[in-house]
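Some terms used for a protein structure rest on cut-offs.

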Amino acid sequence: APGRRGYSGAGAAEFLHRSIVPTMHYQKSLPRLPVPKLEDTIKRYLNAQKPLLNDEQFRKTEELAHAFEKGIGRELHEQLVAQDNQNKHTSYITGPWFDMYLKAREPVLLNFNPFMSFNPDPKPEYNDQLIRATNMTVSAIRFMKTFRAGYLEPEVFHLNPEKSDTEIFKKIIRFVPSSISWFGAYMVNAYPLDMSQYFRLFNSTRIPKLNKDELYTDEKAKHLLVLRNGNFYVFDVIDRDGNMLKPSEIQAHLKYILSDNSPAPAFPLGYLTSENRDTWALLRKNLLDNGNEEALQKVDSALFCLILDDFPVKDLVHLSHTMLHGDGANRWFDKSFSLIITKDGTAGINFEHSWGDGVAVLRFQNEVFKDSTTTPAISPQSQPASVDSSRAVQKLDFKLNDALKAGITKAKQTFDATVESLSINMIQFQEGGKELLKQKKVSPDAVAQLAFQMAFLRQYDQTVATYESCSTAAFKHGRTETIRPASVHTKKCSEAFVKGLSKHSTEELQNLIMECSKYHGRLTKEAAMGQGFDRHLFSLRCLALSKGLPLPQFYQDEAYARLNHNIISTSTLVSPAVQLGGFGPVVADGFGVGYQVQDDWVGCNVSAYPARNGKEYLQCIYKSLEDIFNVLKGKKIGS
């Protein structure tokens, strides 16, 4: 209701909504991420190794695992538990996980930064670049203001929304002290999620430093960074009193930037953010020493980065390339997120991954989409304010010496070659989706993952290390855990479909699918409850290294390295705001698989480098989905 949204003098809503329950109400009482029992971790680890190894290899890995469990692993585990008990304000994975991201020296481009693209505005005339950029910018600022004021609805996973997602429940729970509020929600089957990452959405960037990068946040900064044609512009969007600039003024400034015909810079700085982190760290030091401190400070502290591209999107593959990497000149990959809007109003987000996970970005995206489409700040009829944008908007100038010019030239060459080698392909399987699978009592996610296993077996005659990301945001400072979708069950089922169709009846094949579904459901539940094995083993390894111990034999096992060389890396999300999401392969001979199982279709987009054929893999996925759905429908299938 307008009365509740808080209007500034300009008449524009300053907030998305005013939650009765304060944003961080549950944060204090969130349960802590459990450190799994060592014996459970070893058992789960061996289960994940089983489908990837022959008998002899497995015996060796099993021996090493049990020796680790009884020996050095036990000592490390006890130290980890003791350390965790002394740090009750956080989770055992927080330190090692930040380090993993920030110490990585590979470029963030393609290796870490994913993208999620927005659905178009349902009203076609609102998909104009200037209108959408203005409306989304206003909604993003509203989100920031709502969050910082404590008015943003807490993020809660409702298992029984009729009981917990109600005004009456909210009115009661807000009076329950923060130290025990989580239990109140838990009583009605609602699970509040960790929101500790949200503050890094705004005014934040990743700064390259030698050996380990730093995250930087400056909440006092009031300006927006806009990139167009490789040029950098800033203007204030918040005034001295903390109020948002009138939408008509934001529109005027963006219109001014869109009509600026300054040439593209000969040496676009954005390429540097796609470089190896140590290389970029040294070049950044050079930039600072060369009199660019103020300009870089503006880039780093900006509320967020708005990118305006001068071309329309041709199709979904072009969309994926645009949002994942673009041309490199009109990008700044280090910002916590960039909102990218193309000439035809197609919008997406590319985000840096060290500070946070998909859950926080998805919430932001959902709110921005909903706000900008249901209560847009400006309409196609709106006139920009008559303000002097040439005074309000500052174009940043960077002073470059020869070493910097050479650095940018080299970064551009590397960027072009890398992007040139990346293929992205996609399919939409239209013969069924979530509804049919639920009718058949099969987990939709399990079926998608089974199809990925079956497809790889068909294409390469192998079962390989596979990664599916699962959020552990139900815990204080939780991040993610790995689900290992490749199991003895998926291997057996895939082999039956790919190699042994004539030997199995339709009913037997249905039973094999059910087995996979049950097992995958168990793995998913375990991972979400912090009972996977990957983060635990990773933390024990970090602990050993931090204590200066020699790396335990267990970690030197070839099979350990192979399990962590994730050839099939997968991630899924379904949201009314998101059209599709994607990311690069995490290894040179891998696939990056972004997928969504909708009510009556399954969408899949696959990225790959030349070592793998992504197009053929997708055809195999399609065939696998077709076979699985036909078997579930009771049809006999041919090989």
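Q: Which angles count as roughly perpendicular?
A: Angles from 65 to 115 degrees count as roughly perpendicular, and those over 145 as roughly antiparallel. The model to which these cut-offs are applied here is a predicted one.

Q: Why are α20 and α24 called roughly perpendicular to each other?
A: Helix α20 (residues 506-528) and helix α24 (residues 614-632) pack at an angle of about 115°, and their axes are 9 Å apart. The class of roughly perpendicular runs from 65 to 115 degrees, and α20 and α24 are therefore placed in it. Their crossing is left-handed.

Q: Which residues make the contact of α20 with α24, and how do they divide by class?
A: From α20 come T506, L509, Q510 and I513, which meet I628, V631 and L632 of α24. Five of the residues in this contact are nonpolar, two are polar and none is charged. Leu, Ile and Val count as nonpolar.

Q: What makes α19 and α20 roughly antiparallel?
A: The angle between helix α19 (residues 488-499) and α20 is about 155°, with the axes 9 Å apart. Angles over 145 degrees count as roughly antiparallel, and the pair is therefore given that description. The crossing of α19 and α20 is left-handed.

Q: Which residues of α19 and α20 meet, and what classes do they belong to?
A: On the α19 side are H489, T490, K492, C493, A496 and F497, and on the α20 side L509, L512, I513, E515, C516 and Y519. By class this contact has eight nonpolar, two polar and two charged residues. Lys and Glu count as charged. L509 and I513 of α20 are among the residues that meet α19, and L509 and I513 are also among those that meet α24.

Q: How is the packing of α11 with α16 described?
A: Helix α11 (residues 277-289) packs with helix α16 (residues 402-420) at an angle of about 145°, and the axes are 10 Å apart. The crossing is left-handed. L283, N286 and L287 in α11 meet A403, L404 and G407 in α16. These residues divide into four nonpolar, two polar and no charged. Gly is counted among the polar residues.

Q: How do you know that H353 is buried?
A: H353 has a relative accessible area of 15%. Buried means under 20%, so H353 is classed as buried. H353 is in the loop between β10 (347-351) and α14 (358-374). Leaving out residues up to four places away in sequence, H353 touches Y101, F112, N113, P114 and R479. An unreviewed UniProt entry annotates H353 as "active site".

Q: What makes T90 and E14 buried?
A: The relative accessibility of T90 is 12% and that of E14 is 4%. The cut-off is under 20%, so T90 counts as buried, and E14 is likewise buried. T90 lies in the loop between α4 (72-85) and α5 (94-103). Apart from neighbours within four places in sequence, T90 is in contact with R32, K476 and H477. E14 lies in the loop between α1 (2-5) and α2 (38-49). E14 and M144 are 130 residues apart in sequence, while their C-alpha atoms are 9.7 Å apart in space.

Q: Why is α13 described as largely enclosed by the rest of the structure?
A: Seven of the nine residues of helix α13 (residues 316-324) are buried, so the helix is largely enclosed. The buried residues are H318, L319, S320, H321, T322, M323 and L324. Their cover includes β1 (115-118), β9 (337-341), β10, β12 (423-429), β16 (578-582) and β18 (602-608).

Definitions and conventions. Residues numbered from 1 in each chain as written. Predicted model: local features only at pLDDT ≥ 70, side-chain atom pairs only at ≥ 80, totals over all residues. Heavy atoms only, no water. Axes fitted to C-alpha atoms, helices over the stretch in contact; angles between N-to-C directions. Helix = DSSP H or I, 4+ residues; strand = E, 2+ residues; numbered from the N terminus. Parallel < 35°, antiparallel > 145°, perpendicular 65-115°, else oblique. Left-handed = near helix turned anticlockwise from the far one by under 90°. Contact = heavy atoms within 4.5 Å. UniProt positions renumbered as here; feature names shortened; annotations may be inferred. Buried < 20%, exposed > 50% of the residue type's maximum accessible area, 1.4 Å probe, protein only.
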